[in-house]
Amino acid sequence: MVHKTTRVVAAALLALGMAGAQAAEVTLKAVSVFTMDTFFTKRFKQFVDKVNAEGKGLVQINVIGGPEAIPPFEVGNALRSGVIDFANTTAVFHANLVPEALALTLTEKPMSELRQNGGYELMDKIHREKANITWLARTTDGLQYHIYTNKPVTSADLSGFKLRGVPVYLSFFREIGATPLQIPPGEVYTALERGVVDGYGWPSVGVMEMGWHEKTKYRVEPGFYNVEVGFFMNQKSWEKLDEDQKAFMRKQIEWMESQNVTEHQMAIEEKAATEQAGVQALVLEPEAARALRTKAYEAGWAGIDKSSPKYAAQLRELFGGYQP
């Protein structure tokens, strides 16, 4: 009788333990600021699939949608308030909360170096302090932005141009004489079609899948900056994870960042494809090219110097700047 009672108690404890383990699984509510079938969501989807396949009992990610769920420029506030737990986004879209985050685009140092030299820790700290957000990963590294336009460009003076832009290069566009307009990606095609803008800033990949090549005549060379897309989480959502869950997520992040090495080839292939589709490469003369890139980086860092006197010097030291 005693043995039977012991077995019953043991079985009950085991059942409770299993129930506890199941209850420990955390589901993170996530969004992407990019449409779900585009380049900058591809790795996010791969990451989600991998986490959900390998993280049963630990962590699952529920993707509620793309920009139709939460507009890109509202994702930062959604993360800060905890409306969502996780986002595939770019710090460009929450620079109103964390202006220092634009250094992620200005840097030419790879993520591996930033994790070693203290740059990652500093940027994560600033995000936590200012926006209740933690920076988890960078999923693009080494891609450049370009100016795409329907009007020819021969110098670093684009006076009279109306260019679609985002916070990270608004100052740069003003510096070269252009009028920048903030337009969500989903509205750029129509803006080009109607002449609302003469062109736009965008990475060296993704133009064709957005369909913008149909309304674009030129891509200006050289490019500028280092395109930044990554994973960000609500700070409290991250801290609620136990050590096993955090270790699992860090392992998945390490895998994701290891995939960045293929991007240079993707950029080469996309440029060739857009040129074949009719987007002509405008290669500036060396002096004009140097002037364009110098103005881009000087304008970018000047903005950080102004908006963040507390951290600007540290950011320059750790993230570095373009040297013409």
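## Domain architecture

The protein is divided into domain 1, covering 26-141 + 228-263, and domain 2, covering 144-227 + 265-319. The contact between the two takes 35 residues from domain 1 and 30 residues from domain 2, and their centres, taken over C-alpha atoms, are separated by 24 Å. The model described here is a predicted one.

Across the whole protein there are 14 helices and 11 strands, and the C-alpha trace spans about 95 × 40 × 30 Å along its principal axes.

## Burial, contacts and surface

Of the 324 residues in the protein, 53% are buried. The accessible surface comes to about 14700 Å², and carbon and sulfur atoms account for 54% of that surface. Among contacts with a separation of 6 or more, 78% are between residues 24 or more positions apart.

## The cavity between the domains

A search of the whole structure finds 1 cavity of 30 Å³ or more, and the volume of the largest cavity is about 110 Å³. Its lining is formed by 14 residues, of which Phe34, Thr90, Phe93, Tyr145 and Trp202 are the closest to its centre. By residue class, the lining of the largest cavity divides into 11 nonpolar, 1 polar and 2 charged residues.

## Backbone features in the loops

The loop between β9 (218-221) and β10 (230-234) holds Pro222, which is joined to Glu221 by a cis peptide bond with omega of about 15 degrees. Tyr225 lies in the loop between β9 and β10 as well, and its phi is near 65 degrees, a positive value in a residue other than glycine. With a relative accessible area of 2%, Tyr225 is below the 20% limit and therefore counts as buried.

Another positive phi belongs to Asn132, which is not a glycine and has a value of about 55 degrees. Asn132 is placed in the loop between α6 (119-131) and β4 (133-138). The relative accessible area of Asn132 is 17%, so this residue is buried.

## Buried positions in a strand and a helix

Strand β2, residues 59-65, contains Gln60. At 16% relative accessibility, Gln60 is under the 20% cut-off and so counts as buried. When residues up to four places away in sequence are not counted, Gln60 touches Glu25, Val26, Thr27, Leu28, Val51, Asn52 and Gly55.

Gly300 lies in helix α13, which is made up of residues 286-307. The relative accessible area of Gly300 is 11%, and this residue is therefore buried. The C-alpha atoms of Gly300 and Pro167 are separated by 9.6 Å, although the two residues are 133 residues apart along the chain.

Glu68 and Val207 are 139 residues apart in sequence, and the distance from C-alpha to C-alpha is 20 Å.

Gln259 is found in the loop between α11 (243-257) and α12 (263-276). With a relative accessible area of 27%, a value between the 20% and 50% limits, Gln259 is classed as partly exposed.

Conventions: Residues are numbered from 1 along each chain as its sequence is written. This is a predicted model: local features need pLDDT of at least 70, side-chain atom pairs count only at pLDDT 80 or more; totals for chains, interfaces and linings use all residues. Side-chain values use heavy atoms; hydrogens and water are left out. On a 1 Å grid over the protein atoms alone, a cavity is a set of points where a 1.4 Å probe fits but cannot get out, and a pocket is an open set with protein on both sides within 12 Å along at least five of seven lines; lining residues have an atom within 4 Å of a point. Grid points are joined across faces, edges and corners, and a volume is the space filled by probe spheres set on the points. Ala, Val, Leu, Ile, Met, Phe, Trp, Tyr, Cys and Pro count as nonpolar, Asp, Glu, Lys and Arg as charged, and the others, Gly among them, as polar. Helices (H or I, at least four residues) and strands (E, at least two) are DSSP runs, numbered from the N terminus. Buried means under 20% relative accessible area, exposed over 50%, partly exposed in between (1.4 Å probe, protein chains only). Contact means heavy atoms within 4.5 Å. Accessible areas come from the Shrake-Rupley method with a 1.4 Å probe; for residues, only the protein chains shown count as cover. Domain bounds come from an automatic or database domain assignment.
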